[in-house]
Amino acid sequence: MLKRVHFPSSLLPYLLVAPQVLITLIFFIWPASQALWQSMLIEDAFGLSTEFVWFENFQALMDDPLYLATFKRTAFFSLAVAFVSMSFSLILAGFADRVIRGATAYRTLLIWPYAIAPVLAGALWVFMFNPTLGIVAYGLEFLGYEWNHKVNGGQAMALVIMAAAWKQVAYNFLFYLAAMQSIPKSVVEAAAIDGAGPMKRFWTIIFPLISPTTFFLLVINMVYAFFDTFGIIHAVTQGGPANATTILVYKVFNDGFVGLDLGGSAAQSVILMALVIAMTVVQFRFIERKVEY
Amino acid sequence: MKHSTLGSIVAGVALSFASTAFAQVEIQWWHAMGGTNGERVDKIAADFNATQSDYKIVPVYKGNYTETMTGAIAAFRAKEHPTIVQVFEVGTATMMAAKGAIYPVEQLMADTGEPFDKGDFLPAVISYYQTPDGELLSMPFNSSTPVLWYNKDALDAAGAEVPTTWAEVKDASQKLVDNGMKCGFSFGWQSWVMIENFSAWHNIPMGTKENGFAGFDTELVFNNDAVINRLADVADMGKDSLFVYGGRRGDSLPMFTGGECGMWLNSSAYYGSIKSQSEFNFGQTMLPLDTDVAEAQQNSIIGGATLWVLAGKSDEEYKGTAKFLNYLASPEVQAWWHQETGYVPITQAAYELSQEQGFYESNPGTDTAIKQLSLNEPTPASRGIRFGNFVQIRDIINEEMEAIWAGDKTAREAMDTAVERGNVLLRKFERAIQ
């Protein structure tokens, strides 16, 4: 026999969740459904003539080899940003964890870039690498390497990856450092007594123990690279040259706000939405299980 | 406490209503002129406001051309749009197709009874903004055309003449590079300069149906031998740094003003920037002729922006708008604007006034743009271009051209793809406006 406590049903719980539900409705469900509706329309910019076309905008995207290329490019970009920024912050955190004197100063300095807005971060890198005025471009030329990311798509991609990864290093660093400091000292010290060097200790003890953090950061970094890098790309390359740095979000913006193709742009954002949902589900259901806690 | 707050809000709202009822009619003007040109726009508005007391023009800077146009469109959809909006020339087809959203300037002038004579305007300027029947849709404001800018000191030092043909450009670039310069020439706004204007300058159509003027069922045809050979030659020059690509729009300006490149093909409206940034003697001359393509130059086409009047405002606002547009087109205002910015004067009277004032004598070369524009009576191939979705098509052209400069594609492959991709967008536009 199952015992249950029955409370008299009241309005209070509904009232308590109402603000959250309302926020979700206004800021997510409503715009999302608008996007869904818009994605099935072909409309002129002013909204004066509208034609309902079902899935034709999606069909057009699927037939567009450039759109499919944007998918591959976005995957490459996101993985590269995640890898570069996570590995750098891992190294930095590894060192910062061992620092005894002036630890706070190091930490503060390493966290600074996170406070910079994406557009400003982009502007910073653009100045350093400007083929005519940039100090780094000047240095590279001195070394005999010709830098012109306005023509060379590979260099442009490298530049936005660096800028995007650099900005994220601080965030990752913070999490890695916290994770490393939560590892009991005794474990590491025991290994040291047994004769394990710093590298050995790192790979056999620290790295496996912080794997939940690594997984968490992977998700965060992928999402960051997918969506938050818009400002950097807008400031650095505007998607060029020849689309070499146009990732999915940038194409949504470009087609919708520059090209005024609202239907096509909405269709892309719907696909993007589905993609993020799928990505999150896959990551949490399958990858998370393999992580050692 | 609560009551008093509410009371003061009500009073405040009532007061603001009352004050607008007695005040002048405010007319919003959204524009895309930042920096120094933005200050000049403010001055024009302030001067107009000082001439009378019934209307007040309120200029609002809304970002670059694209942002201003999309901002106005979004505002129109939300019924919060300004009366006047500055739209760049490539947005013309989009604006024109939005029949219920715009108030053609010529009709506005007729309806409000303001004096208006189209004959005063320079044909090359207004032909770009007319319907096939000749009705003027928007008021030309800042118009420019590409010219060949050159570093006079560098050319002299290299012993090169100011070029007039592409063969001479190549020759001069070789001399500049031999003399130690990093690059011979560069250009900006490459679709506008190297395809749109190159075609008009040599009287070759860029699209069917009179470059789109005679109907939205136009198709792009700029993948012809003339354009392809020109681009292939430029790409070839790129191998020896006779040409160096420096990015879209005006991004390559520092290469010219910084003394890296000896020549630069771009808008005449860079006059102010070049004057303030360069530390050498510079000059401007007409675009080079490709002698393999044509015997003589036709005329170049304009770029820049016009002022569109949007629908859905009161008669009073339109009356004020019409008065303001007339003020804007007056010889004094135009001549001042032209001389300050390097944009071309939009009326014959303003051009003549500048001549009388001796502006061209004390600033040689500043009439290059206007001479280029009025070199010949515009033909269907040189009147201008009117393609829907042209903002995106220009992006496509930019992308494909960048692929040529990067050596990823030949000029022919790139232009064929650009035409093919562009035509898809033209069909999409044709369908969306039906």
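Predicted model: local features only at pLDDT ≥ 70, side-chain atom pairs only at ≥ 80, totals over all residues.
Me: In what order do the 5 strands of the open sheet in chain B run?
Reply: Helices (H or I, at least four residues) and strands (E, at least two) are DSSP runs, numbered from the N terminus. Two strands pair if DSSP finds at least two bridges between them. Pairing in this open sheet of chain B is mixed, and the order is 2-1-3-9-4.

Me: Which are the edge strands there?
Reply: An edge strand here pairs on one side only. In chain B, that applies to strand 2 (55–61) and strand 4 (139–144).

Me: In the open sheet of 4 strands in chain B, by how many degrees are neighbouring strands turned on average?
Reply: The order is 6-7-5-8, with mixed pairing. Its edges are strand 6 (183–187) and strand 8 (282–285) of chain B. Axes are lines fitted to C-alpha atoms, for helices over the stretch in contact, and angles run from 0 to 180 degrees between N-to-C directions. With direction ignored, the average turn is 20°.

Me: Which residue stands opposite B:Tyr150 in strand 8 of chain B?
Reply: Strand 5 (residues 146–151) of chain B is joined to strand 8 of chain B by 4 bridges, and the two run antiparallel. B:Tyr150 faces B:Gly283.

Me: What is the area buried between chain A and chain B?
Reply: Contact means heavy atoms within 4.5 Å, and 30 residues of chain A are in contact with 37 of chain B. Buried area is the accessible area (1.4 Å probe) that two parts lose on being put together, summed over both. Carbon and sulfur atoms give 56% of a total of about 2,700 Å².

Me: Which residues of chain A lose the most area to chain B?
Reply: Three residues together account for 24% of what that side buries. They are A:Phe46, A:Lys150 and A:Val151.

Me: How many salt bridges are counted between chain A and chain B?
Reply: A salt bridge is a side-chain nitrogen of Lys or Arg within 4 Å of a carboxyl oxygen of Asp or Glu. B:Arg431 and A:Glu56 form one, at 2.4 Å, N to O. Over all chains the count is 31. Between chain A and chain B it is 5.

Me: How many residues apart are B:Lys319 and B:Glu114?
Reply: Their side chains meet in a salt bridge at 3.5 Å, N to O. B:Lys319 lies in helix 14 (residues 315–328), B:Glu114 in the loop between helix 5 (105–112) and helix 6 (123–126) of chain B. The pair links distant parts of the chain, with a separation of 205 residues.

Me: At roughly what angle do the axes of helix 4 and helix 7 of chain A cross?
Reply: Helix 4 (residues 103–111) and helix 7 (residues 153–181) of chain A have axes that come within 8 Å. A:Leu110 of helix 4 is one of the residues in this contact, and A:Phe173 of helix 7 is another. The axes cross at roughly 145°.

Conventions. Residues numbered from 1 in each chain as written. Chains lettered and ligands numbered in written order. Heavy atoms only, no water.
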